[in-house]
Structures are given as structure tokens and as C-alpha cells.
Amino acid sequence: MKSVTRSLRILEAVAQHQPVTVGELTKLFGIPKSTVQRTLVTLAEAGWLRANRRDTTRWEIGARVLAVRPAALQGSSLFAAAREPMIRLRDAVNETIHLSVPDALQCMVVVDRVDCDHAVRTFHTIGDTSPLHATAVGRAILAHLPKRDVEELVARGLERFSDTTPADPDALRAELDRIRTDGYAINANQFRPDVCALAAPVLGEAGTPLAAVAISMPDSRYEADRAPEWGRLVADTATEITGRLAGA
């Protein structure tokens, strides 16, 4: 039980001081460096922590923390700002609406969802993760990140999930240019089979992408000629959430 308590305290300390080194944590807790290192590695293997991508000697929270965060998110300004606009968007299109946040360049994490009343609909579990390059929510975020971040993602390799996944670097860059121009991203069966989505970014100060809101639907109800209409609706919703956050 002592080791569990220690692990939780180290996890909390990383969340508070991230990105943080083993040495800094050792000084903070007054325990052997080897013990801290072993705990960090264990938490990283479970997905709770990860090495900072720019300085691998420093540690930060990982995707697993974001996956269990939604319950706490309900009291946050993002949840408060997004919930009502998401409900109105759901009512306008009668499709599933979800809100996702980026876990650095690792993945997108679903943190909220508003379901439609169709018997057949898409379903995204809170905490679900997905790759940035292959999804509408991910590309909505990528389109507003610095070029160096996009190139870092490209350098890692772009996994192909379907015949239409933008796994070619030039195709991805061209798509990000289109998203910046049109204001929304489209995913037509590019990640999960028979699932389509349109998404737009929620922006913070200086245009930093904080989250993405999406309309998600089965391929059987997706109509390409309606994409501009749906795209405007989701972009307007994202803009409203951005404005509500700024005024919070």
C-alpha cells in the first residue's frame, strides 16, 4: 500500500510540475533516485506518464490521465463552455456530437459526448483515443499547430488505417491547408470503417488549439454535398465555444 501511495503522490507531483526531471522529484520527496525512476517507468508503462518529446529526461502526464479526466472535467471552463453549444448542434443535425482534446502529438482523447436519437449511430466512449492525422478532430487540431509540430508528426510516420487515410505527407499538408481555409476538417471512413465526421477547433489565446468539436455519423447518412453545410455548423459551434471560453 505504501508503494501505491508513493506512486500516486509522484503522479500528482508530475502533473503539478511537468515537465519534471527525476532529480527534481527526488529532491521533492527525499527518496532514492532509483525508487523515483522505477516508479516513473512503471507509471509510463501503464500510460499514466510519458517522457517529454523535446527533452526525454523530463516527465509529464500521459494519455491515461486524460482518459479518466472527463469526470473532473465537468467542473472545468471547457466543459461548461462547450456543453450547451454541443447540445444545440446535436439538435440541429440529429447526429452524435463529441468533444476531444489533444494529448500533445500522441493522440486525441474524447472527453464529452452528446448522443443523437437515431437507432443506428456512431458511438465514442469517453476516454477513447485516436490518431491526429487520420481523424477530423485530429486534423482540426493539426491545422492550427506550428509547422514544426506537424513535421515532427510526419517524421514519425503516418499509419494507414484505410485506403483513404492521408498517410502521404504531402497529402496531409494539403489537407491541413484546406482546413485552415474552410474552417473545418472532414473524415470520410479514414480511421474507422463506416464512420464519418466533420470537426472544427476550439482555440485559446494566440490561436492555440485547445480542443475540437465534431459531428459524427455512420457512412450511410453522410452526404458529401452537405459537407459545406455541416462544416459551417460545426465551425460556428467551435467559434461559439471559443468565445464562451474567452469570456469565462
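This is a predicted model: local features need pLDDT of at least 70, side-chain atom pairs count only at pLDDT 80 or more; totals for chains, interfaces and linings use all residues.
**Stop one: two helices.** Start by selecting residues 2–17, helix α1, together with residues 22–29, helix α2. Their axes lie 11 Å apart and the helices pack at an angle of about 120 degrees, which makes α1 oblique to α2. The crossing is right-handed. Now show side chains: on α1, the contact uses Arg-9, Ile-10, Ala-13, Val-14 and His-17, and on α2 it uses Leu-25, Leu-28 and Phe-29. Sorted by class, that contact has 6 nonpolar, 1 polar and 1 charged residues.

**Stop two: Leu-176.** Next, pick Leu-176, which sits in helix α9 (residues 169–182). Its relative accessibility is 2%, so Leu-176 counts as buried. Leaving aside residues up to four places away in sequence, Leu-176 touches Arg-139, Leu-142, Ala-143 and Val-150. If you'd like a distance to check, the C-alpha atoms of Leu-176 and Gly-127 are 25 Å apart, with 49 residues separating the two along the chain.

Select residues 195–203 to get strand β8, where 8 of the 9 residues are buried. Look for Asn-187 opposite Ala-197 in β8. The hairpin of β7 and β8 has 6 residues between the strands, and there Asn-189 takes a positive phi near 60 degrees.

Key
Residues are numbered from 1 along each chain as its sequence is written. Side-chain values use heavy atoms; hydrogens and water are left out. Axes are lines fitted to C-alpha atoms, for helices over the stretch in contact, and angles run from 0 to 180 degrees between N-to-C directions. Helices (H or I, at least four residues) and strands (E, at least two) are DSSP runs, numbered from the N terminus. Angles under 35 degrees count as roughly parallel, over 145 as roughly antiparallel, 65 to 115 as roughly perpendicular and the rest as oblique. A crossing is left-handed if the near helix is turned anticlockwise from the far one by less than a right angle, and right-handed if clockwise. Contact means heavy atoms within 4.5 Å. Ala, Val, Leu, Ile, Met, Phe, Trp, Tyr, Cys and Pro count as nonpolar, Asp, Glu, Lys and Arg as charged, and the others, Gly among them, as polar. Buried means under 20% relative accessible area, exposed over 50%, partly exposed in between (1.4 Å probe, protein chains only). Two strands pair if DSSP finds at least two bridges between them.
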